[in-house]
Amino acid sequence: MDTCKKCRPCRKFCEIVPEIAGVFKSLGDLTRLQVISLLAADCSGKLGVGDLAARLGISQPAVSQHLKTLKAEGIVDSRREGFHVYYSFNRERMVRFREHFDLLYRSVMDRCDQQLFQETAPDQSLNLAIICYSYTGVTMDVAEQIRDSCGGEIITVRTREKYNNFTAYTRGVLRSRQGESDAIDPEIIDVSAYDLIVIATPVWAWKPAPAINAAITALSGCEGKKAAILVTCNGHPGEAIPILKKALEARGVNVSAEIGLTKRDVGDINRRNGIIGQIVSAYNA
């Protein structure tokens, strides 16, 4: 299907929603949900119509009809062993449904973030420069959430020498531990036109990624600006935030927010809402 350009950004809801609507409809029945729960709790892999009927306290024809509906939507599969038919889940279908539901859920929560921002800072879009280096995409995901909720522009920092899965955890981590900088593009990052700078980076070996060290050096027109530091990490940000704060203050930047996020935090709606609040507070500081 061609992009219809009715929604920005396009997340192909016009394709996704009709597909998941059938799943929701088939699950919108208490007995069918009970069938799902029984199949989910079963460890034998040998639940048939008779077993389900006995556990649910309804007739076998009624169970067969419910299973037919669930099979039609691809939620359950059946297999025959001799005279017996056993039921289980269609894993591929469930994975696809989960991906589509997660996309819909995230889009709804992004809108909630926007509403939170509009309630906190009505009638304005923040003049932000979100300077972001992201290796796995997690940090960029957070940067895009901030931009979509608050406004502003993302300035993407890219290393000239690309890392791969091996070199990122060897050369990249070593350079991070030693406080070194990568060669990056853009060479100069002019922030003179912005009211708040957001520095967004992953943590490598408890220190900032080498690319963001270079980005702070590359800042132009930053003296007297306000900044928020945002780091993403697997567990603990370590020394990353104090190091970035010291480097920014050496450039004449006033750090007014320090945000550390784990991977779990990134998916936590309350934590995400807190990020928007911290960015607004930093902007108005």
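Analyst: Helices (H or I, at least four residues) and strands (E, at least two) are DSSP runs, numbered from the N terminus. This is a predicted model, in which local features need pLDDT of at least 70 and side-chain atom pairs count only at pLDDT 80 or more, while totals for chains, interfaces and linings use all residues. Residues are numbered from 1 along each chain as its sequence is written, and side-chain values use heavy atoms, with hydrogens and water left out.

User: OK, so at what angle do α2 and α4 pack?

Analyst: The angle between helix α2 (residues 30-41) and helix α4 (residues 60-72) is about 75 degrees, and their axes are 10 Å apart. The two helices, α2 and α4, are therefore roughly perpendicular to each other, given that angles under 35 degrees count as roughly parallel, over 145 as roughly antiparallel, 65 to 115 as roughly perpendicular and the rest as oblique.

User: Which residues make the contact?

Analyst: From α2 there are Thr31, Arg32, Val35 and Ile36, and from α4 there are His66, Leu67, Thr69 and Leu70, where contact means heavy atoms within 4.5 Å.

User: And what does Phe89 touch?

Analyst: Phe89, which lies in strand β2 (residues 84-89), touches Ile36, Leu39, Ala40, Ile75, Val76 and Asp77, if residues up to four places away in sequence are not counted. At 30% relative accessibility, Phe89 counts as partly exposed; on this scale buried means under 20% relative accessible area, exposed over 50%, and partly exposed in between (1.4 Å probe, protein chains only).

User: Switching to charges, how many salt bridges are there?

Analyst: The count comes to 13 salt bridges, taking a salt bridge as a side-chain nitrogen of Lys or Arg within 4 Å of a carboxyl oxygen of Asp or Glu. As background, side chains of opposite charge can pair when their charged atoms come close.

User: What about Asp185 and Arg160, where do they sit?

Analyst: Their side chains meet in a salt bridge, with 3.3 Å from N to O for Asp185 and Arg160. The pair links distant parts of the chain, 25 residues apart, with Asp185 in strand β6 (residues 184-185) and Arg160 in the loop between β5 (158-159) and α7 (165-177). Asp185 is partly exposed at a relative accessible area of 37%, and Arg160 is also partly exposed, at 43%.

User: Which residue pairs with Arg171?

Analyst: Arg171 forms a salt bridge with Glu161, the closest N and O atoms being 3.2 Å apart. Arg171 lies in helix α7 and Glu161 in the loop between β5 and α7, so the pair ties together parts that are 10 residues apart in sequence. Arg171 is partly exposed at 30% relative accessibility, whereas Glu161 is exposed, with a relative accessible area of 53%. Elsewhere, salt bridges that share partners join Glu19, Glu73, Arg93 and Arg96 into one network.

User: Back to Asp185, what is the peptide bond to Pro186 like?

Analyst: The bond from Asp185 to Pro186 is cis, with omega near 0 degrees, and Pro186 itself lies in the loop between β6 and β7 (189-190). For comparison, most residues other than glycine have a negative phi, and most peptide bonds are trans.

User: Where is Ala205, and what is its phi?

Analyst: Ala205 is placed in the loop between β8 (196-204) and β9 (207-208), and although it is not a glycine, Ala205 has a positive phi of about 55 degrees. Trp206 is found in the loop between β8 and β9 too, with a phi near 70 degrees, again a positive value in a residue other than glycine. Trp206 is exposed, with a relative accessible area of 52%.

User: One more, what does Glu153 touch?

Analyst: Glu153, in strand β4 (residues 153-156), touches Leu128, Ala129, Ile130 and Tyr194, leaving out residues up to four places away in sequence. Glu153 counts as partly exposed, at 39% relative accessibility.

Key
Axes fitted to C-alpha atoms, helices over the stretch in contact; angles between N-to-C directions.
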